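Take a look at the structure, then try each task before reading its solution.

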Amino acid sequence: MVEHTQHVAPVRLYVVVFLALLVLTFLTVGVTYVDMGEYNLFVALGIAIFKASLVILYFMHARWSPRLVQIVMLTSLLFIGILASFSFADYLTRGLLGVPGR
Amino acid sequence: MHSPDAISHARLQHHFDTLEQQQQASTLGMWLFLATELLFFGGMFLAYTLYRAWYPDAWVAASHHLDVFWGAFNTVALILSSFTMAMAVHAAQTGSRQGQIVFLVLTMALGTVFLGVKAMEYADKFDHHLVPGPGFLFDDPRYARAAQIFFSVYFAMTGVHALHMVIGLGLLLWLLAGARRGTFTAEYNTPVEMVGLYWHFVDIIWIFLFPLLYLVGHH
């Protein structure tokens, strides 16, 4: 039989996650005033990925979800990876080889 | 056939044994739907990435026409609404009808604030001729063409995101009606949980849109 217990996270946890998201939002705005060249993008993306992870794990209850649901979540990331990597393999390598006659 | 230990409940569909099983099936279906949503937005994020790689300088110049303050303000409004949504789900899980109503109304209010700010920002773009089309004008002629591509991507992504917000507000209104009738309890709260997943997903999309559109380059 499937165990009949819905995980109820404590309110305290939600408050902590919200405050963390708030601090990270100010941080991501703050770092744009520091010139890091191309690394500004990677810092901004890193913060966004961390914020998204907090939302998925705690607000969306991924931490306590059944294993099957967790596999679906990770598989959706795999498909995004396929979309991105196959497209970049084309677009971002077009200048690497010389084309005769051009 | 119901298993002998099945808990009889008005909301239990006949093809499920227990409410727990029913909720897990809904959760799986919702995440599969969100996977398709992720790929839907993924195509636009991909277009964004390619154009940014092709026109990095124009991207910085065009992005500086967006107001960081209002972008950050809306980010705070959305993460606060995600928090109140999580609290609405919590209220349903603990059987608090009053809590559900309060937190659903707060979530809707914050969602409305977000859309109001978005409408104001869009109006500002129309005023400054930054809407792609024949009337598009850009102060730096070197970047005029690529800046128009930036604003096409901006309106497509934020527009589709805003459409998701409007749909989310409709779903919240539907939940609010149910919560007022006392439909959702500690035993049965699947709709609240599922709309919560949708709302958080829309929040996550914005978490990426904000730095990618408003915070390009060094300020």
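**Exercise 1.** Find how much of chain B is buried, and which elements chain B has.

*Solution.* Of the 219 residues in chain B, 38% are buried; buried means 20 or more other C-beta atoms within 10 Å of a residue's own, with C-beta atoms placed from the backbone. Next, chain B holds six helices and zero strands, where helices are DSSP runs of H or I with at least four residues, strands are runs of E with at least two, and both are numbered from the N terminus. The model is predicted, so local features need pLDDT of at least 70 and side-chain atom pairs count only at pLDDT 80 or more, while totals for chains, interfaces and linings use all residues. Residues are numbered from 1 along each chain as its sequence is written, and chains are lettered from A and ligands numbered from 1 in the order in which they are written.

**Exercise 2.** Check the span of helix H3 (residues 68-93) of chain B.

*Solution.* Multiply 1.5 Å by one less than the number of residues. As for cover, 19 of the 26 residues of H3(B) are buried. After H3(B) comes Gly95(B), with a positive phi near 75°.

**Exercise 3.** How many residues does each chain bring to the contact?

*Solution.* Chain A gives 38 residues and chain B gives 39, with contact meaning C-beta atoms, placed from the backbone, within 7 Å. On the chain A side, H3(A) supplies the largest share, 11 residues.

How values were computed:
Contact = placed C-beta atoms within 7 Å. Buried ≥ 20, exposed ≤ 12 C-beta atoms within 10 Å, placed from the backbone.
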